[in-house]
Amino acid sequence: MKKRRRILSFPVLLLLAVVLAVAVGIMGVRIRFPVYHLEYVRAHAGDIDPSWIMAVIMAESSFRPRAQSPQGAQGLMQLMPATAQWLAGLAGLADFAPEDVWRPEVNIALGSFYLNRLLDMFDGDMRLALAAYNAGQGNVRNWLNDPAVSADGRTLDTIPFPETYHYINRVFFNQRVYAVLLRWR
């Protein structure tokens with residue numbers, strides 16, 4: 001007697017296809033949005049949800065610790081050398097040396113400290129803090145004082161620098177992804 005091979009039913013095949021698609025999708029998200037240095041991020045996030053720090057790192061350097069911008073910003077959170085030196089003094093890192101900016105723990109500590117400081121400076125408005133992180137505090141203060149850019153002097157109706165506008169959108173998108181990814185870690 002010949003044995004019949006069993007063929008999977010359409011609902012079972014559909015379920016397997018969905019499970020495979022979800023698994024591949026999750027794997028793709030984890031490849032596109034790595035979760036490196038989470039211990040440093042959590043240790044130095046301060047009052048900021050770690051997903052925001054991860055989002056900034058992703059936008060700034062895509063988690064490349066040796067990243068350097070054409071303008072000279074360095075490391076994971078892309079700190080300018082003078083800014084890193086200034087932040088190290090404010091944060092009480094007495095033994096800070098300029099090459100320390102390349103160390104992930106130090107770069108994350110200083111970048112997180114700075115983002116927390118900007119968030120305090122701009123009354124908890126993450127959009128303004130990110131604008132200042134990207135374009136500088138002076139530019140954001142000038143924009144807030146310009147009625148063509150800020151009708152109320154507290155929020156921005158528009159962002160004059162296209163790079164900063166796109167940066168903020170990228171960080172907000174990254175943060176939503178990292179909020180989900182970090183939920184299970």
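Me: At what angle do helix H4 and helix H5 pack, and how far apart are their axes?

Reply: In this predicted model, helix H4 (residues 81-91) and helix H5 (residues 104-121) pack at an angle of about 80°, and their axes are 10 Å apart.

Me: Why is H4 called roughly perpendicular to H5?

Reply: Angles of 65 to 115 degrees count as roughly perpendicular. The angle here is about 80°, so H4 is roughly perpendicular to H5.

Me: Which residues make the contact between H4 and H5?

Reply: From H4 come Thr83, Ala84, Trp86, Leu87, Ala88, Leu90 and Ala91, and from H5 come Leu110, Phe113, Tyr114 and Arg117. By class, the contact has nine nonpolar residues, one polar and one charged.

Me: How many aromatic pairs does a search of the whole structure find?

Reply: The search finds eight aromatic pairs.

Me: What makes the pair of Trp52 and Phe172 edge-to-face?

Reply: Two values decide this. Ring centres must lie within 6.5 Å for a pair, and planes over 60 degrees apart count as edge-to-face. The centres of the Trp52 and Phe172 rings are 5.0 Å apart and their planes stand at 80°, so the pair is edge-to-face.

Me: Where in the chain do Trp52 and Phe172 lie?

Reply: Trp52 is in helix H3 (residues 50-61) and Phe172 is in helix H8 (residues 162-183). They are 120 residues apart, and the pair links distant parts of the chain.

Me: How do you know whether Trp52 is buried or exposed?

Reply: Buried means under 20% relative accessible area. Trp52 has 14%, so Trp52 is buried.

Me: What makes Phe172 partly exposed?

Reply: Partly exposed lies between the buried limit of 20% and the exposed limit of 50%. Phe172 has a relative accessible area of 27%, so Phe172 is partly exposed.

Me: Why is the pair of Trp86 and Tyr114 called edge-to-face?

Reply: The ring centres are 6.1 Å apart, which is within the 6.5 Å limit for a pair. The planes are at 85°, over the 60 degrees required, so the pair is edge-to-face. Trp86 belongs to helix H4 and Tyr114 to helix H5, 28 residues apart. Both residues also take part in the contact of H4 with H5.

Me: Are Trp86 and Tyr114 buried or partly exposed?

Reply: Trp86 has a relative accessible area of 39%, so Trp86 is partly exposed. Tyr114 has 9%, under the 20% limit, so Tyr114 counts as buried.

Me: Which residues do ring pairs link into a cluster?

Reply: The cluster holds Phe33, Tyr36, Phe63, Phe173 and Tyr178.

Terms used:
Residues are numbered from 1 along each chain as its sequence is written. This is a predicted model: local features need pLDDT of at least 70, side-chain atom pairs count only at pLDDT 80 or more; totals for chains, interfaces and linings use all residues. Side-chain values use heavy atoms; hydrogens and water are left out. Axes are lines fitted to C-alpha atoms, for helices over the stretch in contact, and angles run from 0 to 180 degrees between N-to-C directions. Helices (H or I, at least four residues) and strands (E, at least two) are DSSP runs, numbered from the N terminus. Angles under 35 degrees count as roughly parallel, over 145 as roughly antiparallel, 65 to 115 as roughly perpendicular and the rest as oblique. Contact means heavy atoms within 4.5 Å. Ala, Val, Leu, Ile, Met, Phe, Trp, Tyr, Cys and Pro count as nonpolar, Asp, Glu, Lys and Arg as charged, and the others, Gly among them, as polar. Rings of Phe, Tyr and Trp (its six-membered ring) pair if their centres lie within 6.5 Å; planes under 30 degrees apart count as stacked, over 60 as edge-to-face and the rest as tilted. Buried means under 20% relative accessible area, exposed over 50%, partly exposed in between (1.4 Å probe, protein chains only).
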